[in-house]
Amino acid sequence: MDFETFRRHGRGRHDYARDWKKRTGGKVVGTFCTYVPEEILAAGGVLPVRILGSHEPADDAEPYVFGMFCPFSRDCISQAIRGRYDYLDGTVLAQTCLHIRNTFWSWQKVNPGRFHYYMCFPIKVQSPRAVDYATGEMRAFRAAFEKWLGRPLADAQIRDAIRVCDENRALLEEIYGLRKDPHPPLTGREAMEMVLAGQLMDKREHNQLLRQALAALRTRRLERDPGVRLMIVGSEDDDTEFIGTTEELGCTIVVDEHCTGTRYFLNRTPDDPDPMRALARRYVGKPPCPSRDWDARTRTDRTLQLARDYNVQGALLVQQKFCDPHELDIPAIKSTLERNGIPTLFLEFDVTIPFGQFRTRIEAFLEMIRAEALF
Amino acid sequence: MLSCGIDVGARTVKVVVLENGRIRGRAIRVAGLQVEDDVAAALKEAAAGEVRTIVATGSGREAVKEARQRPTGITCAARGIHFLLPEARMVIDVGAEEGRAIQCEGGRALNFAVNEKCAAGAGTFIETMSRTLEIAVDGFGPLALQSTKLVPMNAQCAVFAESEVVSLIHEKTPKQDIARAVCDAMAGRIGSMCRRLAITPPVALVGGVAKNTAFVRALENDLKTDLTIPPDAEYVSAIGAALIAAEEH
Ligand code: SF4
């Protein structure tokens, strides 16, 4: 198994999507946010592609997205302006923070796609009425999508897509689980490349690759010293370069709490006679984004649990600059982890990262943890 | 047996030589373009004999090829302050390019915060402002202490702060009041960085800016605590590095 495959898919995401279109004659739809039910798109033979960062300066975002909106929302719109996503036939947003909503609306001015759907999704997933609400919205989305496709979807097709997505989640969870080992068989960078690739490619193909990866990982032994076990916590994060360079400083990222990582795949679709309700239950029940986690902040305890399960020695709390939902959560997560003996280091991400500055701080953080371990 | 700590900072190179746990020699040099030469010269000046082990720290620590270890300035400052002022539980280090606060105990860093965003929280800010006000850097603190009037200034950004100073000059605001406003604003920034951690007295202040008496007073007011400036304050990280070097024996 060549683990570089996942990296290649991530880097060549646009080529993959264009090639997929040519191969299958199907349509490709971009998704904003982990709450878009990819299963409905896949059931219609459409390839859902998560819109992720490019990490190139996003100065051209200015007339579309305010300068004090998060770098991720600016990076996305900038890529649309540059035509990188011109192959998309549409985009779907599940209602989330204002910054990415702004990108979604601006996107339609600069991208040729036809089908742009703003899906309402409960902003308070803890509400006892959230599943009913989400079920209704799933139905509305399905109906709009069917209209655009020009044909109805059979429930069996949706169930089949759910099965494929759940298999994907189970495989990722199993692979992540191997990182609990004192000597993880894969680096944090490789794990991130794996989980990102799945959000960019056909799930069946991704599952095939994950099955091969899982088999290979069972006997793989990395030559490197894993060093300090860290977790990384934050919003959208696709900065594999950052993870890779950080791991060269004598640590391994053994688990993440990102909407592009564990929040994307932990939990499955429950059995339900109504597939729309099954989807609603899965998405309402998934590890929550801070913009939906009301009134109790359940994310804090879940993050602590992950830290314990993966036996981490410290946590990097990363925040996209100006991201309000995460700004709100970070103090609670920081104090919860620190109260439980897990030191944290806060880092603010921009479209591009000044790694030189981060480097000293990460090194000092690692020195602190190592010194602690000696006492 | 001599062990040596070298702190290669943005502005200066500091060398400390320890012998049996006591400072045997020290030297400070302005860091030029050829840092390796400055390190060699400082080492020559400070070392009275054959140095056994070298440990380098600071942002330019990679330049010291013969270093056995290269720990960060944060780890070294925590070690160094324990040597100079064992009771300190927090050390605030404001150098030319960076400000940082470290909670420490027994020579170990327990937590830290760094002001990396803008020059408004580091020594270069005062240098720039003294140029704008046409006064010597050394005279900045004493002048500010003469002020009797509070002038609010919003030093979120060094560039905007400079234009604020220029308008204050145009309004004929006395220089001492402007100098005080600059010290207060910078103390405000450093203070908020410190509050990201808990303020745990006794607090030590080190780094070049500790020489500015008006800044020290402003920071004490902001943090509502006394600050102790140990002797050899600018050598704190080099001392920490030398202590780590001594352990290598
Ligand atoms: S949640 Fe934060 S990082 Fe994600 S799009 Fe919104 S503001 Fe940006």
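Biologist: Why is Phe69(A) called buried?

Modeller: This is a predicted model, and the value is computed from it. The relative accessibility of Phe69(A) is 14%; buried means under 20%, so Phe69(A) counts as buried.

Biologist: What makes Phe66(A) and Phe69(A) an aromatic pair that is edge-to-face?

Modeller: Their rings lie 5.8 Å centre to centre, and the limit for a pair is within 6.5 Å. The planes are at 85°, and over 60 degrees counts as edge-to-face.

Biologist: How many aromatic pairs does the rule give over all chains?

Modeller: The count is 19. One of the pairs is Phe32(A) with Phe104(A): the ring centres are 6.1 Å apart and the planes stand at 85°, so this pair is edge-to-face.

Biologist: Why do you say that the pair of Phe32(A) and Phe104(A) ties together parts apart in sequence?

Modeller: Phe32(A) belongs to strand 1 (residues 28–32) of chain A, and Phe104(A) to helix 5 (residues 98–110) of chain A; the parts tied together are therefore 72 residues apart in sequence.

Biologist: Are Phe32(A) and Phe104(A) buried or exposed?

Modeller: Phe32(A) has a relative accessible area of 2% and is buried. Phe104(A) is also at 2% and counts as buried. The cut-off for buried is under 20%.

Biologist: Which residues do ring pairs link into a cluster with Phe32(A)?

Modeller: The cluster holds Phe32(A), Tyr85(A), Tyr87(A), Phe104(A), Trp105(A), Trp107(A) and Tyr118(A).

Biologist: Now the interface. What makes Arg61(B) and Glu363(A) a salt bridge?

Modeller: The N to O distance between the two side chains is 2.3 Å. The rule asks for a side-chain nitrogen of Lys or Arg within 4 Å of a carboxyl oxygen of Asp or Glu, so Arg61(B) and Glu363(A) qualify. The count between chain B and chain A is two salt bridges.

Biologist: Which elements of chain B give two or more residues to the side that touches chain A?

Modeller: They are helix 2 (73–84) and strand 7 (108–115) of chain B. Strand 7 of chain B gives the largest share, six residues. That side of chain B divides into six nonpolar, three polar and six charged residues.

Biologist: How many residues are in contact, and what area is buried?

Modeller: 15 residues of chain B are in contact with 15 residues of chain A. The area buried between the two chains is about 1,300 Å², and carbon and sulfur atoms give 52% of it.

Biologist: Why is Phe322(A) called partly exposed, when Lys224(B) is called exposed?

Modeller: Phe322(A) has a relative accessible area of 26%, which falls between the cut-offs of 20% and 50%, so Phe322(A) is partly exposed. Lys224(B) is at 72%; exposed means over 50%, so Lys224(B) is exposed.

Biologist: What is the phi of Phe322(A), and what is the phi of Lys224(B)?

Modeller: Phi is near 70° in Phe322(A), a positive value in a residue other than glycine. Phe322(A) sits in the loop between strand 7 (314–320) and helix 14 (324–339) of chain A. For Lys224(B), phi is near 55°, again positive in a residue other than glycine. Lys224(B) is in the loop between helix 7 (213–223) and strand 9 (227–228) of chain B.

Terms used. Residues are numbered from 1 along each chain as its sequence is written. Chains are lettered from A and ligands numbered from 1 in the order in which they are written. This is a predicted model: local features need pLDDT of at least 70, side-chain atom pairs count only at pLDDT 80 or more; totals for chains, interfaces and linings use all residues. Side-chain values use heavy atoms; hydrogens and water are left out. Contact means heavy atoms within 4.5 Å. Buried area is the accessible area (1.4 Å probe) that two parts lose on being put together, summed over both. Helices (H or I, at least four residues) and strands (E, at least two) are DSSP runs, numbered from the N terminus. Ala, Val, Leu, Ile, Met, Phe, Trp, Tyr, Cys and Pro count as nonpolar, Asp, Glu, Lys and Arg as charged, and the others, Gly among them, as polar. Rings of Phe, Tyr and Trp (its six-membered ring) pair if their centres lie within 6.5 Å; planes under 30 degrees apart count as stacked, over 60 as edge-to-face and the rest as tilted. Buried means under 20% relative accessible area, exposed over 50%, partly exposed in between (1.4 Å probe, protein chains only).
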